[in-house]
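Below is a walk through one model, taken from the DNA-facing surfaces to the contact between the chains and then to the packing of helices.

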2 protein chains.
Amino acid sequence: MAGRPKIFDEKDAIRKATEIFWKKGYEASSTDELLAAMGIGKGSFYLHFKDGKKELYQRSLDLFSEDALKVFNRKLSEANDEIHFLKQYISSLADKTTEQKQKGCYLGNGIMEMSNIDVKTKEHAGKLMEKLEQIFEKIIKNAQEKKQIKTKKDAKLLAKYLINIRNGINITMRTETDKEELKNIINMSLEILK
Amino acid sequence: MAGRPKIFDEKDAIRKATEIFWKKGYEASSTDELLAAMGIGKGSFYLHFKDGKKELYQRSLDLFSEDALKVFNRKLSEANDEIHFLKQYISSLADKTTEQKQKGCYLGNGIMEMSNIDVKTKEHAGKLMEKLEQIFEKIIKNAQEKKQIKTKKDAKLLAKYLINIRNGINITMRTETDKEELKNIINMSLEILK
DNA sequence: CTTATTTTGTACTAAACAGTACAAAACAAA
DNA sequence: TTTGTTTTGTACTGTTTAGTACAAAATAAG
């Protein structure tokens, strides 16, 4: 194990890059800007990310999903009422700061921007989003079995429905400045989950 | 009224450019590509679009909205059951071709991409989307007065709810390849409108 | 036919872009 | 301390970008 030591942690660097990608999107983020945020030079970058910007973006989607799911699952396991937690999670999208609302959902943004630019990456982002959907499904199914909710609707379909609501909020939150109105939309959308 | 005659129609040219913007987004559409699609050279372009690409994009949003609303309003006036037409309109999003699904909603795409790139343009796209929302609201209000639907929920909120569903579909349709599943999500979302 | 006016096509510019080449630096092991 | 290995920083490359400059072309009016 010889060689000059690496001056940066890959995950940390990718997380820094994610901030840029999240705010500006893939196309509008220049490599120079990404490297500045990551705090490394081109030499290091192209050594560790052979496919450059595209590889960085793909890995940022993966790491984001990993991080986000970890947080979600931790909070879920801490909650004593899972279905209530799920509703609360969706509902709290309205409580995000204005800045957060302008950024939206990182995976959703990726699916949108990549859909006609890089199909493979779009599909990959879609698969990561599906992981969240599957967690939703499990929570709903459990709640149905425990009779916490009365609806007999298919849990998988309900999960897809919730993902769609969440996708909608990802766009709607960019222009709906009234937080209460946003909350009303979400609450109306959650009525089906009873 | 002298001078060399213009070889292109501005609206037609903008519509051609819209096809490119729609498919690839703002940032990924190069001026050269746009001009090629419009069938004009740089001389003509920068004479008629002083602010270049940005002006072209803004005018494409306006023209798109104008065209789309005209079509929507015409079909609406031809329908004998307005609320049924509205439901059908939302539901038929699932019937779009795969190619159309990858493109999504032009205004929604604009709101997303512009939200941290060009706030003014994002807000403008948002205002154009609001026009559709207001039409939705009127249809719903009329249906409530005519007792075609029983729900007493606020028409404006229901309209916002529908726009949010539509925004959600704009993202969900990119990765949900099963048309029937998409239809199920939409139908579930429309149950509230009874 | 001349003149004024507008549009067009093309050559050009300067900046930004992603990515490469490579020598120097910084280490572990021998 | 020498050797082999990996990482780093920087200078460089070729391409693409959006946009400009300007002469030539095409018209209407006088």
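In this predicted model, helix H3 of chain B gives the largest share of the surface near DNA strand C, namely four residues. Sorted by class, the surface near DNA strand C holds nine nonpolar, nine polar and seven charged residues.

The number of residues around DNA strand D is 25, with A:Gly3, A:Arg4, A:Gly43, A:Ser44 and B:Gly52 as the closest. Two or more residues come from each of H3 of chain A and, in chain B, helix H2 (31–38), H3 and helix H4 (52–78). Here H3(A) provides the largest share, four residues. The class division near DNA strand D is nine nonpolar, nine polar and seven charged.

The next topic is the contact between the chains. In it, 39 residues of chain A touch 39 residues of chain B. On the chain A side, at least two residues each are supplied by helix H1 (10–24), helix H6 (98–103), helix H7 (106–114), helix H8 (119–145), helix H9 (155–175) and helix H10 (179–190). H9(A) gives the largest share of that side, 14 residues. By class, the side of chain A that touches chain B consists of 14 nonpolar, 15 polar and ten charged residues. Of the interface residues of chain A, 100% are also interface residues in chain B, so the copies meet through the same surface.

The C-alpha trace of chain A spans about 60 × 40 × 30 Å along its principal axes.

Several helix pairs can now be followed in turn. Two packed helices are described by the angle between their axes and the distance between the axes. For H7(A) and H8(A), the angle is about 155° and the axes are 8 Å apart. Since angles over 145 degrees count as roughly antiparallel, H7(A) is roughly antiparallel to H8(A). The crossing of H7(A) past H8(A) is left-handed. On the H7(A) side the contact involves A:Leu107, A:Gly110, A:Ile111 and A:Met114, which meet A:Thr121, A:Lys122, A:Ala125, A:Gly126, A:Leu128 and A:Met129 of H8(A). The contact of H7(A) with H8(A) has six nonpolar, three polar and one charged residues.

H9(A) and H10(A) form another pair, with axes that come within 11 Å and cross at roughly 170°. This angle makes H9(A) roughly antiparallel to H10(A). H9(A) passes H10(A) in a right-handed crossing. A:Ile165, A:Ile169, A:Thr172 and A:Met173 of H9(A) meet A:Leu182, A:Ile185, A:Ile186 and A:Ser189 of H10(A). The class division in the contact of H9(A) with H10(A) is six nonpolar, two polar and no charged residues.

In chain B, the axes of helix H8 (residues 119–145) and helix H9 (residues 155–175) come within 8 Å and cross at roughly 130°. H8(B) is therefore oblique to H9(B), and H8(B) passes H9(B) in a right-handed crossing. From H8(B) the contact draws on B:Met129, B:Leu132, B:Glu133, B:Phe136, B:Glu137, B:Ile140, B:Lys141 and B:Gln144, and from H9(B) on B:Ala155, B:Lys156, B:Leu158, B:Ala159, B:Lys160, B:Leu162 and B:Ile163. By class, the contact of H8(B) with H9(B) comprises nine nonpolar, one polar and five charged residues.

Methods
Residues are numbered from 1 along each chain as its sequence is written. Chains are lettered from A and ligands numbered from 1 in the order in which they are written. This is a predicted model: local features need pLDDT of at least 70, side-chain atom pairs count only at pLDDT 80 or more; totals for chains, interfaces and linings use all residues. Ala, Val, Leu, Ile, Met, Phe, Trp, Tyr, Cys and Pro count as nonpolar, Asp, Glu, Lys and Arg as charged, and the others, Gly among them, as polar. Two residues are in contact if their C-beta atoms, placed from the backbone, lie within 7 Å. Axes are lines fitted to C-alpha atoms, for helices over the stretch in contact, and angles run from 0 to 180 degrees between N-to-C directions. Angles under 35 degrees count as roughly parallel, over 145 as roughly antiparallel, 65 to 115 as roughly perpendicular and the rest as oblique. A crossing is left-handed if the near helix is turned anticlockwise from the far one by less than a right angle, and right-handed if clockwise. A residue is near a molecule or strand if its C-beta atom, placed from the backbone, lies within 6 Å of it.
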